[in-house]
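Colleague: Hi! I have a structure on my screen and I'd like to walk through it with you. Can we start?

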Amino acid sequence: MRVLIAITSLCSVLTLPANLIAGTIKGTIQASRPASDESSSGGAYQSRKYKFLEQIDYDSLGDFVVSIDEVEHPATEASGRPKASVVQRDGSFFPHITPIVAGSEIEWPNRDDIYHNVFSMSDVKPFDLGMYKSSDDAKSLVFEKTGKIDVFCAIHSQMHCVVLVLPNPWFSKSDRKGRFEIPDVPPGKYRLKAWHERLPSKFIDIEVPAEGEIEIDIEMGFADLPKI
């Protein structure tokens, strides 16, 4: 991890007064390959024992989510309910990963001319929106509780996406180059969480300045697993 600026101001404010200039967290994130997999670039394992298992191509991993952990600041109807959309198109869910703040609403339009179904058996938010196609009205759902929600189509088993419900709006999903940016963060000490659906989460203690930016480069992988 590289911290590229010095932190000069610190307070524990978790809401933003109108006269306060907040800080920004930005940087890059990527997966690191385990030492035992130095030759791995995806495909099948060389061992016949694992030949039916997919080997992770660490260089191609994307859709990382970086967020402020353990600070509750959910959306409220008074402030306007945030909305997102996960589209069923070409037999897939787009986007595959959708991070939202608790209290947000997601619409699930079907853009295919065949029936799809949207359901989850997650403890966080079990639901079943039934079967519908593009000529039907899009279904929508509000997500109040934080956690990871795996979503599937009961008709097409390969269709899968993830809704990541977070406790506050200070998060960012990485772009195609692994860049992320979290603006308008109140100054203070935080625990930053780096998440990927196929890797163990990584936690980093940071201090956000009252104004300006803190820049962090993150690598995450199986080296971040807790030692037993």
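Colleague: Which residues does I206 touch, leaving out those up to four places away in sequence?

Modeller: I206 touches I25, I68, G188, K189, Y190, L192, I214 and I216, if we skip residues up to four places away in sequence. Contact here means heavy atoms within 4.5 Å.

Colleague: Thanks! Where do these models and numbers come from?

Modeller: This is a predicted model, and local features need pLDDT of at least 70, side-chain atom pairs count only at pLDDT 80 or more, while totals for chains, interfaces and linings use all residues. Residues are numbered from 1 along each chain as its sequence is written, and side-chain values use heavy atoms, with hydrogens and water left out.

Colleague: Back to the core, then. Which residues of the largest nonpolar core touch the most other members?

Modeller: I25, I29, I68, L192, I206 and I218 do, out of 25 residues in that core. A nonpolar core is a set of buried Ala, Val, Leu, Ile, Met, Phe, Trp, Tyr and Cys residues joined through side-chain atoms within 4.5 Å. Buried means under 20% relative accessible area, exposed means over 50%, and partly exposed is in between (1.4 Å probe, protein chains only).

Colleague: And which strands supply at least two residues each?

Modeller: β1 (23-31), β2 (65-69), β14 (179-185), β15 (188-196), β16 (199-208) and β17 (212-220) each do. Apart from this core lies another one of 19 residues, including V86, I100, I149 and C153.

Colleague: How many helices and strands does the protein have?

Modeller: The count is 0 helices and 17 strands. Both are DSSP runs numbered from the N terminus: helices are H or I with at least four residues, strands are E with at least two.

Colleague: How much of the protein is buried?

Modeller: Buried residues make up 41% of the 228 residues. As for contacts with a separation of 6 or more, 63% of them are between residues 24 or more positions apart.

Colleague: Let's switch to K202. Where is K202 found?

Modeller: K202 is in strand β16, and it counts as partly exposed because its relative accessibility is 22%. K202 touches L192, K193, A194, I218, E219, M220 and D224, again not counting residues up to four places away in sequence. The C-alpha atoms of K202 and I218 are separated by 9.0 Å, with the two residues 16 apart along the chain.

Colleague: What about S174, buried or exposed?

Modeller: S174 counts as buried, because its relative accessibility is 7%. S174 sits in the loop between β13 (171-173) and β14, and among the residues it touches are I29, D63 and R179.

Colleague: You mentioned D63. What is its phi?

Modeller: Phi of D63 is near 60 degrees, a positive value in a residue other than glycine. D63 lies in the loop between β1 and β2. E70, in the loop between β2 and β3 (83-85), also isn't a glycine, and it has a positive phi of about 65 degrees. Most residues other than glycine have a negative phi, and most peptide bonds are trans.

Colleague: Which residues does a cis peptide bond join?

Modeller: F94 and P95, with omega about -5 degrees. P95 lies in the loop between β5 (92-94) and β6 (97-101).
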